[in-house]
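This report goes through a protein model section by section, starting with helix packing. Please keep the sequence and the structure in view while reading.

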Amino acid sequence: MKKILGVLLASAFAMSPVLSPAAADPLRDAALEVFKPLPSTIPAVKNNRITPEKIDLGKALFFDPRLSASGVFSCNSCHNLATGGDDNLPTSIGHGWQRGPRNSPTVFNSVLNEAQFWDGRAADLREQAKGPIQAGVEMANTPPVVMATIKSMPQYVDWFKKAFPGEKDPVTFDNLAKAIEAFEATLITPAPFDAFLNGDGEALTADQKKGLALFMDKGCSACHSGVNVGGHGYYPFGVIEKPGAEILPPDDKGRYEVTKTADDEYVYRASPLRNIAVTAPYFHSGMVWDLQVAVAIMGTSQLGEELNNEEVRLITAFLESLTGAVPPVVYPVLPPETAKTPRPTSEIITK
């Protein structure tokens, strides 16, 4: 965004402590060139038509800890819908109380990301759903055991048949992932920023509007743009100056682990910033708990600019306008186990 925009907007803000809807139009017009409001309906996903039956099945599976080997951890354990769609821990706790290597991203609006995980190794939520179930430090299960668990409960078998009608064998690991994807696609959180983009000039406070102008003028929106204010594109953490090892662990080389390309060392997918104010701690290492500190670090590391305290405060105020309304979710009553249901295990298998 050209510097002249920032100068003009700053002048407008200085002349009036509270902007009228008409005065906010230039800012909104500039924002609409960079961002998009959330969709008004459930986003469609490729090769997986979303139906009420799939959503209901996916919700049950999302909350069911029996997808894990121990019977303790569900998808909701690390992506808690009551705490911002993540677990508010530096790194997640999984099977055998092991700690995962990276901070858990929010599940809210994740269907709108270009790819899933910090390194983008999963193309979509369907692929992502399969990963934690099989990861040894997370749910530590295997597809055969998971499907034996599901098939042991008649109610689940009936739900799969309704969600995937016409299929000869609908109770499959692929369909399990499709159902979870369908449910997660409903987890959209419209925020004041969306109301502003849609024409409500009073949806943002004066400070939030100033922060939005700074966010664009300083260059934050070069990486954090689009409908999810990020969630697409891959960038080095430390474009200008690498953070210290406590924030950028040297043994986590990011997307390099996926591509094995030297240029991808310490490269990560741009984090989506919706609901960022309620998903501390921050960064893939989860080592920063204060959003203003995170904003200051990004200024130094990614922009090469020491943001002053007022700039940090205003950008943070804008980020708070991305906190959205969480859709109501009724906790599902899950099918009961039977004599054929595999028993939980706490055994840790190391390779």
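## Packing of α3 and α8

The axes of α3 and α8 cross at roughly 100° and come within 7 Å. Axes here are lines fitted to C-alpha atoms, for helices over the stretch in contact, and angles run from 0 to 180 degrees between N-to-C directions. α3 is therefore roughly perpendicular to α8; angles of 65 to 115 degrees count as roughly perpendicular, under 35 as roughly parallel, over 145 as roughly antiparallel and the rest as oblique. Helices (H or I, at least four residues) and strands (E, at least two) are DSSP runs, numbered from the N terminus.

On the α3 side the contact is made by Lys 54, Ile 55, Leu 57, Gly 58, Lys 59, Leu 61, Phe 62 and Phe 63. On the α8 side, Leu 176, Ala 179, Ile 180, Ala 182, Phe 183 and Glu 184 take part. Contact means heavy atoms within 4.5 Å. By class, this contact has 10 nonpolar, one polar and three charged residues. Ala, Val, Leu, Ile, Met, Phe, Trp, Tyr, Cys and Pro count as nonpolar, Asp, Glu, Lys and Arg as charged, and the others, Gly among them, as polar.

## Basis of the model

This is a predicted model, in which local features need pLDDT of at least 70 and side-chain atom pairs count only at pLDDT 80 or more, while totals for chains, interfaces and linings use all residues. Residues are numbered from 1 along each chain as its sequence is written, and side-chain values use heavy atoms, with hydrogens and water left out.

## Packing of α5 and α8

α5 and α8 pack with their axes 8 Å apart, at an angle of about 115°. These two helices are therefore roughly perpendicular to each other. Among the contact residues are Leu 125, Ala 129 and Ile 133 of α5, and Phe 173, Leu 176 and Ala 177 of α8. The contact of α5 with α8 has seven nonpolar, two polar and six charged residues by class.

## Nonpolar cores

The largest nonpolar core has 41 residues, of which Leu 61, Leu 67, Ile 150, Phe 160 and Leu 176 touch the most other members. A nonpolar core is a set of buried Ala, Val, Leu, Ile, Met, Phe, Trp, Tyr and Cys residues joined through side-chain atoms within 4.5 Å. Two or more residues come from each of α3 (52-63), α5 (125-134), α6 (143-151), α7 (154-163) and α8 (173-184). α8 gives the largest share, seven residues.

Leaving out residues up to four places away in sequence, Leu 176 touches Leu 61, Leu 67, Ile 133, Val 146, Met 147, Ile 150 and Phe 160. A second, separate core of 40 residues includes Phe 196, Leu 212, Leu 273 and Ile 276.

## Loop residues

Gly 254 sits in the loop between β1 (234-236) and α11 (256-259). Gly 254 is buried, with a relative accessible area of 0%; buried means under 20% relative accessible area, exposed over 50%, and partly exposed in between (1.4 Å probe, protein chains only). Not counting residues up to four places away in sequence, Gly 254 touches Arg 102, Asp 119, Tyr 266, Val 267 and Tyr 268.

Asn 47, in the loop between α2 (25-32) and α3, has a positive phi near 55° and is exposed at 60% relative accessibility. Ala 140, in the loop between α5 and α6, has a positive phi near 55° and is partly exposed at 24%. The peptide bond from Ala 280 to Pro 281 is cis, with omega near 0°. Pro 281 lies in the loop between β2 (267-269) and α12 (291-303).
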